[in-house]
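Here is a short briefing to read alongside the model. Keep the viewer open and follow the topics one by one.

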Amino acid sequence: ASTDIKIVLPEEADLLEPCMATRSNIGRVIMENVSETLTELDVRTKKGVMPRLAEKWEQTADGSWRFHLRQGVKFSDGKTFGAKDVKYSFDRIFSDKNICESRRYFGGMKFDVNVVDENTIDFKVDPVQPILPLLLSLVTIVPEGTPLEFVREPIGTGPYKLSNWTPGQQIVLDARDDYWGTKPAVTKATYLFRSDPAVRAAMVQAGEADLAPSISQVEATNDKTDFSYLDSETVYLRIDGNIAPLNDVRVRKALNLAIDRQAFIGTLVPQDAVLATALVPPTTLGWNPDVKVPAFDPDQAKKLLEEAKAAGVPVDTPITVVARTANFPNVTEIMEAIQAQLQDVGFKIDLKFVEVAEHEVYYSKPFKEGRGPIIVAAMHDNSKGDPSFTMFFKYDSKGTQSGYSDPKVDDLIARASAATGDERAKLWSELIAYVHDDLVADVALFHMVGYSRVSERLDFKPSIATNSMLQLSEIGFKN
Amino acid sequence: MAIQSTPTKETIAEEPSALVRMGRMLWADKFALCAAIFLVFVIIMAIIGPTLLDDLATKQNLRGRNLAPFMFDREWFMWLGADALGRPLWPRIIVATQNTIMVAAGAVLISAIVGTLLGLIAGFASERTSQIIMRLADVIMSFPSLLVAVIVLYILGSSIMNLMLVLSITRIPVYLRTTRAEVLEIKSRMFVQAAKVMGASSKRILFRHILPVVLPTLTTLATLDFAYVMLAESALSFLGIGIQPPEITWGLMISQGRQYLTNAWWLSFWPGLAIILTTLSLNLLSNWLRIALDPVQRWRLEMKGPKHG
Amino acid sequence: MLSFIRKRAFASLISLIGLLVMVFFLSRLTGDPASLFLPVEASAEMKAEFRALHGLDQPLLVQFGQYVGNVLTGDLGESLRKARPALDVVLEAFTWTLWLAVITMTLVTVCAIVVGSLAAFRTGGFFDRFSSMVSLIGASVPDFWLAIVAIVVFAIQLSWLPTSGTGSLAHWILPICVLFVRPFGIIVQVVRGSMITALSSAYVKTARAKGVKSGPIIFVHALRNAMLPVITVIGDQAASLLNGAVVIETIFGFPGVGKLMIDSILQRDFNVVLAAILVTAFAIFLMNLVIDLAYALLDPRIRY
Amino acid sequence: MADHLLEVRNLSVDFHTASGVVHAVRNISYYLDRGETLAILGESGSGKSVSSSAIMNLIDMPPGKISSGEILLDGQDLFKMSSEARREVNGRRIAMIFQDPLSHLNPVYTVGWQMREALKTHGIGNAKAQEEALRLFKRVALPDPERALDKYPHEFSGGQRQRVMIAMALALKPDLLIADEPTTALDVTVQAEVLNLLKELQRETGMGVLIITHDLGVVSEVADRVVVMEKGQLVESGTVREVYHNPQHAYTKKLISAAPGKGDMHEPATAGEPILSVKDARKFYGGFEALKGVSFDLKAGETVAVVGESGSGKSTLARILLRLEEADGGTAKWKGKDLFTMSPGELFKLRRDLQMVFQDPTQSLNPRMTVYQLISEAWVIHPEILPKAKWRERVAELLGQVGLSAEHMGRYPHQFSGGQRQRIAIARALALEPKLIVCDEAVSALDVSVQAQVITLLDKLRKEMGIAFIFIAHDLPLVRDFADYVMVMQKGEVVEFGTVAQVFDNPQKPYTQALLAASLDPDPDVQAANRNARLASAS
Ligand SMILES: Nc1ncnc2c1ncn2[C@@H]1O[C@H](COP(=O)(O)OP(=O)(O)OP(=O)(O)O)[C@@H](O)[C@H]1O
Ligand SMILES: Nc1ncnc2c1ncn2[C@@H]1O[C@H](COP(=O)(O)OP(=O)(O)OP(=O)(O)O)[C@@H](O)[C@H]1O
Ligand SMILES: [Mg+2]
Ligand SMILES: [Mg+2]
Ligand code: NI
């Protein structure tokens, strides 16, 4: 049987730039297929950060990290992989000739990268980074000498190399003979791009493709081929806590109590979706099982609102709920239902759907001066296992999407980020509980699930990582 | 009649008033009659629909979502099924009529009127004026309508008025070019020259002599544009720059039902049908009008009418 | 004639420049590409760096000056997203669109003229009623309905045709068929209306007196007289296809300029938007010129 | 007796209109044999064109309806033939020259193409067709026939278009030729040639000719027999001589006595300032010089008749005087101001004073307006002339003056006969009460009785209101009766100018002399004598 497969994706990659591989449309094609990283986060067996191009690593007393690199690894252009390439890859990310997306994970850090020998490299980071090995799972390695500007033809150490890219039509990856690791089952992967989910599903059904990693819930009707997976996307309502009446905690509580989350499950939100208590999925370090989903209690919500009103909070001010069209499946219906539920307990809600650029204006700082009370419906993705990719941005006083400046929150975030091990987990848990129960910072809604359609000849189960990458080596063939 | 025949009774009989004659001609074309009745119904619904059925149309019921149509044991308003939030489609379509017709009629009228006027001027005025107008039309024509939409709606905000504006801007060139092309030909006809000799002003020549000849074609275009505008509006909603919930239009309903096309077809089918029926009716009516207003063709309707004499 | 074309070319050039200037400034009023290119978590510094890298931090007029300078040397800039020359991206996509538009419009023109003329020939007859219904329904059906239904029926149920994509000739069939419907509906109606008038003119009587057969009377005598509005509307429909058939391209995964344009507009990839508009506008200007010349060709009473 | 070539039996044609049924033709019967020429004479609007259209199956049915009768061609009933057979008959066996050549020629094809099509439809090859077309164009005396083939109908003069029409009809050498007013736009010399051509062809092929005309001269020149129609009915028939000398029906008598050319000639007063003074007017069409410097003066209440060769620039002169086309040189002073250089604003004020009756009445009437609207439009534009309350009354009055009736007010132009349309156009011009009317073949489609009525009306207006006329015409007897001055034109130039008496009694230039000589006399005997004399002098 053929070991070539076709994969149909919703969106074509604009670039195949390794340092942009954290972006899903690029990452799904090249991440760990063409371009590899030093470490890798295992999500299937929950073993945490695993070696990839680095064989092992240790943290020295001063907090810097030493990585021992794998030997005998070759780039697809024939060059041998070594420490200099790692250093170069890092330098490239911080170059001002490009805007590498992975740079954002290293905001506020100062790096001192030292090549010790061919296969050993030291990272000295200020401030000390306890999760550096995890962060390095986001940095793809390019050979020394790769242009600093964005490239369209990535060279990497991965099991595949790019052999053809016809923009707008297809990208073809071929398995390499000289790959350092075990040879994957798939010898050739052709990526196709269709924006319409129904068409993607149809293509697998018609045999024109073998794998459609994201199809819509309504299309996922065939048990044999369609699988759901928790896709690390969390839907929530971001509250701007600076403006009355949303600056009143009773009002925010009322918002939480007014929404019948359970009613969405299996209707507008897939059956397998999970009610969220935090912006990070349960697989994340420090996720707090003790935080409970707020009950659906419209009476209580009404009562709280009345209380607030009595205390002089202007609860009658119309609140604008901003959502982005096509942000996640059924977004319009979900928002309309939420609007109805909020109105039922006495909120005045204006629903406003905007296009992505405008959404961004509402979602991120700087917020507009003189704005009214605004709630932004948004979706956040953290599949990386650590809350630090979330908490600073969403809750810190300086976070770009944060609607609060709470000293306790700031303090907890700072301490958790610097901590390691159980301490780190504990601090994150504490933060999650505080944000959810005391601050009532936002309305967490659902951890969404994605659906994929896999042809019956493939042996593949999508995972939480499927949203951002798609390792061809994980795909096998039945019989 | 003194000239060709001795008068018979019926030729001298008082001519019926214009309204009665139009009525008779409408009666003669049963298709157009049905179309007219349907459109009157639509207009009435557009006027009173929202006040009448708004509550019914917005009542959500997540448990009854995507309810299939033709369940005649349910209440009447559920007969066409329910949408993804369990809201009955029948009342929703009726409530949506107002916005839909307002946007569509507004956009079509604005573009048709502006386009026609400019076209008349471009066909009749000096070469320079005409050149300016025509190149402007070229510019609009090659300006992607979506970009216009993004720009206008981003800068001015999305509202029914602005949407109407956007959609009408993009449709101006058809009317403009069609009108101008016809004017170029018609203005060389002898009866236009005759009007000139009588001292008719350019305005009169354009509106009284040239426009009636172009008008049927423009009406045909305009009625078809109705469908276009409604669907374009749906596409804009889909991209997040058109009308957005909780406002409703047929176009929006279609775009919302789009993802359910394969398993709950009725969500976008009924509003789609409403658009088709409206366009169909408008067009049958415009085809009828074309004949009713053309003295050379009018016999087609008069002959079929009630026997006379 | 030549002086007409020369004058026209000059005027078109000016309006093309006007178009570009307009798009250049207006599009830049619609938001910041940096925040769309970078993830929401990106810091303000990164965004600033992005702007600096692409010169978006300069005052608008300076940016414009640079752009004009580059355009004069034939450089339409790089795509903000694709790290490729914008013009290459656009031309690649436009070739597909052009073919799609040309094939579709040719088919539409032929079919619509035949059907519309025959309908007008027997006004009110069965064929007239029938073709009117069909064409009008065609003109008002949402195109994605047709597209999805066509895929379900012809690609999945019957397995006659591929669902989508490009590659073989068979891949063209569904998109063309779906694209065909709407312009067909419109043009049939325009042809029909225009032909009803033409067929009742005196010169048609002369032709009948000469013993000319019905076919030539319809398609030679009356049709040419009825063509002015018809080619105008054909031009309009062709223009909207040249601007890209977004829905069809999206559903069928057809790499045309419509989808490119939408994506670029939504992502504020200005250089691609400008290049795309330049290319499509050029095509549309050219087409309108051809149409205007065709007026004079079809009707000797029109002279420029 | 063997079958006639054509036999019409009890033919009746009705038209449906909004206000009732019009019986256009009622129960008429006549026949025509091979090699024979039958003239249908009759009042304008009496059903001549309609009855001949019925033969060619050209009546739109509905709204028209052949309510009774049969038409036999060689004994075969045309109404019983299949439509395909009927189509074959058209063109091949029967050909028709239409009354109104401008609208009957397809405006978007060259006349050569239309000629060739006629030939090719009936199985003649392309090259042959081209050759034949050229030959026929030469026969109908079209100038520069090679180039003419590639011209479009609108580039011809009225008479030239009529000759194209004739050539097209003759192309296939039909068995039966229906000629509906074939020479109304031709000057007498060309008319003579065309009539000669008809007769020649008739001799060659034995063609039967059904000629509809109001020109008694033409009848006496070519016809063997005549039938006379009035109000849709056939009132008299017989040989030409019989009918001319011994008319039975009152209408026929009236017709014959109304023939123009017998009254006194006008003697214009010499004093007075000219209201219009044209100097050296020129007009080019591309490289072709249509007017080569025309000059004349005109005083109030005077009539200048413009006669001359078809295509000599008469209509062009009219059009540039009214600024429908721009003159390429010269001046035309109207009360001292130059019409050619006047600004649109000034011109607009003058419009009311200058009116025109176009050569092609059908095309000059807006098909979407009723007669009432057409005529009252004058007052919509110039409301100072008449208060709205009086409009209906005045329209009725004007229609009566030109021999139509008030009931016609609600009808549309296409529901009229050629002559009736022409009269509507005249009524419209009169509605404005102008100072000058340019009549371009304004009465050419009228039978002599109605013509006399209209001319009397114009003469009265001229005397009472001082209206001046530029009267373009081919009908010399009519000119003789009506004009003060005569201007003879040829090839864009004025060859002779003088008072009627000067020109008619003492023509100076050979062309004028030829023109007068070619004039036809309504009396068949006189005409025969003239013809013989001419033949004798030619041989
Ligand atoms: N639009 C035009 N383009 C080219 N030539 C033209 C045009 N109009 C008229 N002509 C030519 O100009 C000449 C004069 O035409 P005009 O109509 O004035 O003739 P006329 O004297 O009125 O003849 P008739 O008695 O036949 O009507 C003709 O030879 C004609 O072919
Ligand atoms: N389509 C029509 N509808 C109504 N009446 C019509 C129609 N066509 C012709 N008629 C009428 O039929 C009568 C006969 O018209 P026809 O054209 O035969 O006259 P004609 O004898 O040729 O006159 P002329 O010498 O003026 O051309 C006229 O009175 C006219 O008004
Ligand atoms: Mg007649
Ligand atoms: Mg003339
Ligand atoms: Ni009657």
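This is a predicted model: local features need pLDDT of at least 70, side-chain atom pairs count only at pLDDT 80 or more; totals for chains, interfaces and linings use all residues.

Of the five pairs of chains in contact, B and C share the most contacts. Chains A and D, by contrast, do not touch, and 47 Å separates their nearest C-alpha atoms.

**The sheet in chain A**

- Chain A has an open sheet of four strands, arranged in the order β4-β5-β7-β6 with antiparallel pairing.
- The edges of this sheet are taken by β4 (54-59) and β6 (110-117) of chain A; each has a single partner strand, so one side of each is left without a neighbour in the sheet.
- From one strand to the next, the twist averages 20°.
- Inside that order, β5 (residues 65-69) and β7 (residues 120-126) of chain A pair in the antiparallel sense over four bridges.
- Helix α2 (residues 83-93) of chain A lies across β5, β6 and β7 of chain A, and its direction makes an angle of about 165° with β6(A).

**Where chain B meets chain C**

- The contact between these chains involves 55 residues of chain B and 66 residues of chain C.
- The size of an interface is often given as the accessible area lost when the parts come together.
- For chain B and chain C the buried area is about 5400 Å², with 70% of it on carbon and sulfur atoms.
- Seven salt bridges are counted between chain B and chain C.
- In one salt bridge, the side chains of C:Arg8 and B:Asp138 meet with an N to O distance of 3.9 Å.
- Ten residue pairs are in polar contact across the interface of chain B and chain C, counting pairs with both residues at pLDDT 80 or more.
- On the side of chain B that touches chain C, the elements giving two or more residues are α5 (127-142), α6 (145-156), α7 (160-186), α9 (202-239) and α11 (266-293) of chain B.
- The most residues on that side of chain B come from α11(B), which gives 13.
- By class, the residues on the side of chain B that touches chain C divide into 30 nonpolar, 13 polar and twelve charged.

**Where chain D meets chain B**

- Here 53 residues from chain D and 37 residues from chain B take part in the contact.
- Chain D and chain B bury about 4000 Å² between them, and carbon and sulfur atoms give 61% of that area.
- The count of salt bridges between chain D and chain B is two.
- B:Arg204 and D:Glu377 form a salt bridge in which the closest N and O atoms are 2.8 Å apart.
- Eight residue pairs are in polar contact across the interface of chain D and chain B, again with both residues at pLDDT 80 or more.
- Several elements of chain D give two or more residues to the side that touches chain B, among them β2 (20-32), α13 (344-351), α15 (371-381) and α17 (418-431).
- With six residues, α15(D) gives the most to the side of chain D that touches chain B.
- The side of chain D that touches chain B has 22 nonpolar, 19 polar and twelve charged residues.

Note on methods:
Residues are numbered from 1 along each chain as its sequence is written. Chains are lettered from A and ligands numbered from 1 in the order in which they are written. Side-chain values use heavy atoms; hydrogens and water are left out. Two strands pair if DSSP finds at least two bridges between them. Axes are lines fitted to C-alpha atoms, for helices over the stretch in contact, and angles run from 0 to 180 degrees between N-to-C directions. Contact means heavy atoms within 4.5 Å. Buried area is the accessible area (1.4 Å probe) that two parts lose on being put together, summed over both. A salt bridge is a side-chain nitrogen of Lys or Arg within 4 Å of a carboxyl oxygen of Asp or Glu. A polar contact is a pair of N or O atoms within 3.5 Å; within protein, one must be able to donate a hydrogen and the other to accept it, and residues adjacent in sequence count only if both atoms are side-chain atoms. Ala, Val, Leu, Ile, Met, Phe, Trp, Tyr, Cys and Pro count as nonpolar, Asp, Glu, Lys and Arg as charged, and the others, Gly among them, as polar.
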